[in-house]
Amino acid sequence: MTAQYITLICIWIGITFIGIAAIGIIRMPDVYTRMSAVTKAVALGVGFILIGVVFHFNDTTVLIKATVIVVFLIFSLSVSAHVIGLAAYEDRTPLTDKTFRDELKEAEGKQEPPRTVEHPDTKSV
Amino acid sequence: MTDAIYDTTLVIAMVALMLIAGLVMVRLVMGPSIADRATAFDVFTTVVIGMISVFAIRTSNYRYFDVVLVMSFVVFLGTIGLSYYMRKNKDE
């Protein structure tokens, strides 16, 4: 009976996290901020839901599978966010107006001689 | 807690996850760039993973858990493949 309470509490904590992530993906102004807001919250939320599943079934096989899924989700969401962010930057997806520092642009600028006029393609809109 | 209350709460949880999936779908349709859509689809599939987990609890059938395992592997490959072609287009 206690396991049912723990299951429901874990599931609702997870749904709260995923809901916050969904609000973030609607409200954030930028591709990069959206990705940063979403991936961690979703991994945490699904992790809580899977903890609830483990408490419901109370079984070793389910525990092992849930551990594999949570570890793989944490890795895969981080890696895919990184790769998509890099591809979006190389695709020149515009940054938001509130960006005050673009470190990748600064690092690329140091390898080349200093430009006096900014190239129109690299200018962030 | 009776089983009826437990089952009803799980149904409400599935409905909440469905509404969240609808919110993510808004970004998937609206998204100005392709990276937005890729991120939104990633999140959408993760929400579906949560829904299948809650469904596995409702039916008390742990075999649905294998679906979750396979799904979490496949989504990763899809996202990586999409970003690979995004970067390949840029070189040409």
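Helices (H or I, at least four residues) and strands (E, at least two) are DSSP runs, numbered from the N terminus. In chain A, the elements run α-α-α-α from the N terminus on. The model is predicted: local features need pLDDT of at least 70, side-chain atom pairs count only at pLDDT 80 or more, and totals for chains, interfaces and linings use all residues. Residues are numbered from 1 along each chain as its sequence is written, while chains are lettered from A and ligands numbered from 1 in the order in which they are written.

Confidence was examined for the whole model and by chain. The model scores ipTM 0.88 and pTM 0.84. For single residues, the score is pLDDT, the predictor's confidence in each residue, from 0 to 100. Chain A has a mean pLDDT of 83, and 86% of its residues reach 70 or more. Among the elements of chain A, α1(A) has the highest mean pLDDT, 92. The lowest, 71, belongs to helix α4 of chain A, residues 103–111. Over residues 113–117 of chain A, pLDDT stays under 50. For this stretch the model has zero contacts beyond four places in sequence; two residues are in contact if their C-beta atoms, placed from the backbone, lie within 7 Å. Where pLDDT is low, the predicted coordinates should not be read in detail. Chain B averages a pLDDT of 88, and 96% of the residues score at least 70. Within chain B, confidence is highest in α1(B), at 92, and lowest in α3(B), at a mean of 85.

Burial and contacts describe the fold of chain A. A residue is buried if 20 or more other C-beta atoms lie within 10 Å of its own, exposed if 12 or fewer, and partly exposed in between; C-beta atoms are placed from the backbone. Of the 125 residues of chain A, 37% count as buried. Among contacts in chain A with a separation of 6 or more, 67% join residues 24 or more positions apart.

Helix α1 of chain A covers residues 2–27. The expected span of a helix is 1.5 Å times one less than its number of residues. For the 26 residues of α1(A) that gives 38 Å, and the end C-alpha atoms are 38 Å apart, which agrees. Buried residues of α1(A) include T7(A), L8(A), C10(A), I11(A) and F17(A). Their cover includes α2 (31–57) of chain A. It also includes α1 (3–30) and α2 (34–59) of chain B.

I26(A) also lies in helix α1 of chain A. I26(A) counts as partly exposed because it has 14 C-beta neighbours inside 10 Å. Leaving out residues up to four places away in sequence, I26(A) touches L23(B), V26(B) and R27(B).

Helix α2(A) has 27 residues. From its first C-alpha to its last, α2(A) reaches 39 Å, close to the 39 Å expected. In α2(A), 21 of the 27 residues are buried, so this helix is largely enclosed by the rest of the structure. Just after α2(A), N58(A) takes a positive phi of about 55°. N58(A) lies in the loop between α2 and α3 (60–90) of chain A. With 9 C-beta neighbours inside 10 Å, N58(A) counts as exposed.

Chain B has a residue of this kind in a loop. S60(B) has a phi near 55°, a positive value in a residue other than glycine. S60(B) is placed in the loop between α2 and α3 of chain B. S60(B) counts as exposed, with 9 C-beta neighbours inside 10 Å.

The contact between the chains takes 44 residues from chain A and 39 residues from chain B. On the side of chain B that touches chain A, α1, α2 and α3 (64–91) of chain B each supply at least two residues. The largest share, 15 residues, comes from α2(B). By class, this side of chain B has 25 nonpolar, nine polar and five charged residues. Ala, Val, Leu, Ile, Met, Phe, Trp, Tyr, Cys and Pro count as nonpolar, Asp, Glu, Lys and Arg as charged, and the others, Gly among them, as polar.
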